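Biologist: I would like to learn how to read a protein model, one feature at a time. Could we go through one together?

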Amino acid sequence: MSCNCGSQSTFHDPVTGNLVCATCYTLLEFENYDAQIGGISGPSGTNINIGYAGTGSVFNYKDRKIFDAKRLIHEYTLGLNIPNSEFEVTSMIDRITHGEFGQGAWFVVLIGACCYVVMRRDNKVLPAAEIAEIIRCEVYELGRMISRVVRFLDLNLPEMSIAGLFEREINNLQCLSKVDDDGKERMKKQGIFLVNCAVKWFLTTGRRPLPLVAAVMVFVAELNGVKGVRIGHVAKEVHANVATCKLRYKELLETLVKVAQALPWGKDVNVKNVLKHAPSVIQYMEMKSMEKKHEGEMIEFQNSGFDLDDVVSDCLRTEAAYRDYENCIEGLDQHSDMGGRNDDPKWDLVKLDKLKLSHECLSLIYTKFSNEVDCGQLNGQSGNVPRRERNTGSEFDECRDWWNGKSELSKKLLLKEILERDVGYDAMPPSFTAGCLANEGRRKRINAAKLRINKIMHPSNTDSGGNGDLCIFEDEIPGKKRKRTQAPEIDWEDFIIETLLLHQVEEEEIEKGNYNRLLDLHVFNSGVM
């Protein structure tokens, strides 16, 4: 190899082994290149281990994945305000994934599901809607993951307490931050009472509980005169749909109206003024819930250890405090003179309901009486109640404190215990009632369609003397306009029912309302190849 100086004389440096020009002592380039041809005994290359993140990293792929997974668990448990349950959530995910953990969108949903299951297992309240809001996923997707977790771990979760959910939400409600502690505690007990009553009325069956909780919070706030509590703001804070909350609020008012029908003035109560009568209605429900059962039968008021005749007559005969109720007293005296008191010294509740007494009057009756009769006698224990001395002072201020709060329904109870209580009204599930009404409406449409078909197929059998064939025109009378009878409207559902009847479909199948399936089977013959 020649040098740039033209010399052909070279030698190897004994220290570095490089080739050096003997004339100019220049280091010749690329002279020491050694091809890595190798073989069994050839030189080895650089060892590269698959899975390392890069040069100098101490974590492999699995370690990095577990580290990121635990970091996500810490962030979401902190966002859900349950940092004390982080270890339990991590242990549950470790058990489910067999120590592999995971990454991606599905793993975030798994974290939310495990958070819900851990809180539910520990009898703590954490709404699924709030979890879905934090982890940014759909509630349906979170619910499916919760079902898979419960099924995989073979867990038996305790019953969910909607009253506990109400208590949690009302404590966190920003609209009630200015209410004092006593007022908030009063509203909390009233709300739990109404929530338990709503559970007994099946207003939560097959539905999400948060809209009903929001509706009860708005109703209780209006009942106690708290201003600034809007159903839209409450729905936003509890992560519920505004339209659904309004619907639950309407259902709650309608049910309270039905409960009020048992009161003497119940016919005057409607959805618009039920809030005004709510104290009396709730007080009536509270009294009914405090009645005890003996051998499967409810104790009547006349067997509860006090003389209802004396209570009512004494309260109504107070001169100074009840000047506005003289008519009620006269009606009471007339009823006594007719034999009500002589024949039976203890009135029957059916007879008492016939008296048209105002809600202020009966509310004051119960308030005065409950203050003078101990709770043991009110709950059904025997005892003699002495006749009370008449007072001449005004006691209408006592009517304002209508809430007693001694009922067991003011506490968090299990579903079985709630259903055993009596609140003065037993309702069927709204979905069942709506289904019965829909079946009844379809039955009427079927009967009308059969009449139309029969009239067309057998015109000679139609009754010509019916009211439908006679048309009396009143325009012959001067000064009056002619009245025309309007024919009933026929819509698409009537045409479908007529078609199915003509194809000999059973009426019981038509009542179910599965029109698409019946049309495919009997009309279009989609099942025939």
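Biologist: Let me begin with a single residue. Does W492 count as buried or exposed, and at what relative accessibility?

Modeller: W492 counts as exposed, because its relative accessibility is 56% and the cut-off for exposed is over 50%. Keep in mind that this is a predicted model.

Biologist: What share of the protein is made up of buried residues?

Modeller: Buried residues make up 39% of the 529 residues. As for its elements, the protein has 21 helices and four strands.

Biologist: How many aromatic pairs does a search of the whole structure find?

Modeller: The general idea comes first. A pair of aromatic rings is described by how far apart the centres are and by the angle of the planes. In this structure, a search of the whole finds four such pairs. One of them joins W201 and Y425: the ring centres are 6.4 Å apart and the planes stand at 65°, so the pair is edge-to-face.

Biologist: Where do W201 and Y425 lie?

Modeller: W201 is in the loop between α7 (181–200) and α8 (209–223), while Y425 is in the loop between α17 and α18 (430–457), so the pair ties together parts that are 224 residues apart in sequence. W201 is buried, with a relative accessible area of 1%. Y425, at 21% relative accessibility, counts as partly exposed.

Biologist: Which residue forms an aromatic pair with W492?

Modeller: That residue is Y515, and the pair is edge-to-face, with 6.4 Å centre to centre and 90° between the planes. W492 belongs to helix α19 (residues 492–502) and Y515 to helix α21 (residues 515–523), so this pair ties together parts that are 23 residues apart in sequence. Y515 counts as buried, at 8% relative accessibility.

Biologist: Which element gives the most to the lining of the largest pocket?

Modeller: α4 does, with four residues. The elements that give two or more residues to this lining include α3 (105–121), α4 (128–135), α6 (162–172) and α10 (242–260). By type, the lining divides into 21 nonpolar, eight polar and seven charged residues.

Biologist: Next, backbone angles. What is the phi of F101?

Modeller: Most residues other than glycine have a negative phi. Phi of F101 is near 55°, a positive value in a residue other than glycine. F101 lies in the loop between α2 and α3 and counts as buried, at 7% relative accessibility. Q504 also has a positive phi, of about 60°, although it is not a glycine. Q504 is in the loop between α19 and α20 (507–511) and counts as exposed, at 67% relative accessibility.

Biologist: Which residues does I93 touch, leaving out those up to four places away in sequence?

Modeller: I93 touches I73, F101, F107, L110, I111 and C114. I93 lies in helix α2 (residues 86–96) and is buried, with a relative accessible area of 0%. The C-alpha atoms of I93 and A113 are separated by 9.8 Å, and these residues are 20 residues apart along the chain.

Biologist: Can we try one more residue in a loop? Where does S410 lie, and which residues does it touch?

Modeller: S410 lies in the loop between α16 (375–378) and α17 (415–420). Not counting residues up to four places away in sequence, S410 touches K189, I192, F193, W403 and G405. S410 is buried, because its relative accessible area is 7% and the cut-off for buried is under 20%.

Biologist: What percentage of the contacts with a separation of 6 or more comes from residues 24 or more positions apart?

Modeller: Such residues account for 65% of those contacts in the protein.

Technical notes:
Residues are numbered from 1 along each chain as its sequence is written. This is a predicted model: local features need pLDDT of at least 70, side-chain atom pairs count only at pLDDT 80 or more; totals for chains, interfaces and linings use all residues. Side-chain values use heavy atoms; hydrogens and water are left out. Buried means under 20% relative accessible area, exposed over 50%, partly exposed in between (1.4 Å probe, protein chains only). Contact means heavy atoms within 4.5 Å. Rings of Phe, Tyr and Trp (its six-membered ring) pair if their centres lie within 6.5 Å; planes under 30 degrees apart count as stacked, over 60 as edge-to-face and the rest as tilted. Ala, Val, Leu, Ile, Met, Phe, Trp, Tyr, Cys and Pro count as nonpolar, Asp, Glu, Lys and Arg as charged, and the others, Gly among them, as polar.
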